[in-house]
Amino acid sequence: MKKLVTAAALACLAVSAPAFAQDSVVFQANWLIQGENAYMAAGIEKGFFKEAGIDLKMQRGFGSGDTVKKIVTGAATIGTADLGVVALGRVRESLPVKCISAEYSYSPQGFWTLESSPIKTVKDLAGKRVGITPGNSLMVYFPLLAKANNIDPASVTFVNMEASALLPTLLAGQVDAMPGFSTVFPLRNAETTAQGKPLHAMPMAKNGVQVYGECQFVTEQTAATKGDMLKRYLGAVVKSWQWSRANPDETAKILSKAYPELKEESVKLNHVAYMDFVFNETSQKVGLGGFDMDQLKRTWEAVKEAQKLTQSPDVSSFIDARFLPGRS
């Protein structure tokens with residue numbers, strides 16, 4: 001009887017105890033929470049992060065530059081920012097940050113204008129006013145984008161403003177263009193078309209500059225001291241990517257429920273577009289979240305040329321891929 005009681009007690013403890021002590025993790029997005037973050041909301045809702053011992057909270061961002069600052073200062077644990085911005089921060093400012101996972105196999109960044117505008121190409125931006133957020137990743141590549149399209153970078157006037165003001169300011173005709181992601185364009189274009197103001201997109205990737213997009217990154221201290229947590233976190237991220245790709249309708253419903261201002265149809269449109277940047281030929285080659293070293297080199301060369309840098313660091317110093325599933 002004593003053995004039976006002890007076994008029963010142990011069984012109860014096994015059922016009630018979590019697999020891991022929950023690590024509190026704050027994820028800093030680089031922009032507004034939207035369809036591109038739906039996979040993460042789904043992972044939280046479906047328990048993927050909890051099962052991995054991660055108590056995950058998401059918070060919105062204000063551009064890649066600001067996200068890097070928040071990670072460096074400890075305001076958040078893990079962030080998403082343009083890989084070029086992370087690399088630039090390491091080289092220019094010796095910021096102790098590294099990418100632990102690629103998200104976008106190539107950058108979705110570019111410019112948006114009104115369809116009614118005479119601006120149809122990047123070259124047409126000469127002499128125009130462009131709204132921009134401080135630290136926006138587009139500014140890292142703009143000199144190179146300008147060169148590829150035979151335009152003097154100094155001929156474009158950039159106006160700093162809050163992220164939430166960009167689209168309203170463009171629609172009001174107070175600026176001529178704004179930065180915008182290809183992943184979000186179908187959603188925003190549907191919204192503005194309903195207002196009688198359709199948009200026109202000019203993605204970098206289709207205008208002479210194809211480089212890595214966003215990566216997930218942490219400080220070197222986090223990588224050195226919280227490796228087990230990062231492995232569990234990235235395992236949950238990959239699981240969330242896979243599940244949300246297979247279940248776009250439910251994924252959209254989950255994010256819309258968490259953020260009622262986001263309509264399910266709009267979230268799904270954004271989410272599906274985002275998945276193409278995660279699941280593609282590059283991710284098939286190097287694995288979800290993995291890094292293609294040749295493309296990483298091309299990305300740095302683009303940053304180097306665009307920013308007129310002389311440094312030639314080992315590009316492997318920008319990343320730490322050992323926390324990805326299946327890595328050691």
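## What you're looking at

This is a predicted model, where local features need pLDDT of at least 70, side-chain atom pairs count only at pLDDT 80 or more, and totals for chains, interfaces and linings use all residues. Residues are numbered from 1 along each chain as its sequence is written, and side-chain values use heavy atoms, with hydrogens and water left out.

The score pLDDT is the predictor's confidence in each residue, from 0 to 100. Here the protein's mean pLDDT is 91, and 94% of its residues reach 70 or more. Residues 1–19 are another story: pLDDT stays under 50 there, and the model gives them one contact (heavy atoms within 4.5 Å) beyond four places in sequence.

Find strand 10, residues 214–219. Helices (H or I, at least four residues) and strands (E, at least two) are DSSP runs, numbered from the N terminus. Buried means under 20% relative accessible area, using a 1.4 Å probe and protein chains only. Six of the six residues of strand 10 are buried, so the strand is largely enclosed by the rest of the structure. Glu214, Gln216 and Val218 point one way, while Cys215, Phe217 and Thr219 point the other way.

Two strands pair if DSSP finds at least two bridges between them. Strand 3 (residues 78–82) runs antiparallel to strand 10 and is joined to it by four bridges; Gly79 has Phe217 as its bridge partner. Strand 4 (residues 97–102) is also antiparallel to strand 10, with five bridges, and Lys98 stands opposite Val218.

## Helix 2

Is helix 2 enclosed or open? Six of its eight residues (38–45) are buried, so helix 2 is largely enclosed by the rest of the structure. The buried ones are Ala38, Tyr39, Met40, Ala41, Ala42 and Gly43. After helix 2 comes Gly47, with a positive phi near 85°.

## The nonpolar core

A nonpolar core is a set of buried Ala, Val, Leu, Ile, Met, Phe, Trp, Tyr and Cys residues joined through side-chain atoms within 4.5 Å. The largest one has 103 residues, and Leu125, Phe217, Tyr233 and Trp241 have the most contacts inside it. Helix 10 gives the most to this core, with nine residues.

Take a look around Leu125: leaving out residues up to four places away in sequence, its contacts include Phe111, Ile119, Val130 and Met202.

## Aromatic rings

Rings of Phe, Tyr and Trp (its six-membered ring) pair if their centres lie within 6.5 Å; planes under 30 degrees apart count as stacked, over 60 as edge-to-face and the rest as tilted. The structure holds 13 such pairs. One of them is the tilted pair of Phe49 and Tyr233, at 5.9 Å centre to centre with 35° between the planes. Phe49 lies in helix 3 (residues 48–51) and Tyr233 in helix 10 (residues 227–246), so the pair ties together parts that are 184 residues apart in sequence. Both of these residues are buried.

Trp300 and Phe318 form a tilted pair too, with 5.3 Å between centres and 55° between planes. Also, a charge sits over a ring if NZ of Lys or CZ of Arg is within 6 Å of the ring centre and within 35 degrees of the ring normal. Arg60 does this over the ring of Phe62, 3.8 Å from its centre, and Arg245 over the ring of Phe279, at 4.3 Å.

Note on methods:
Buried < 20%, exposed > 50% of the residue type's maximum accessible area, 1.4 Å probe, protein only.
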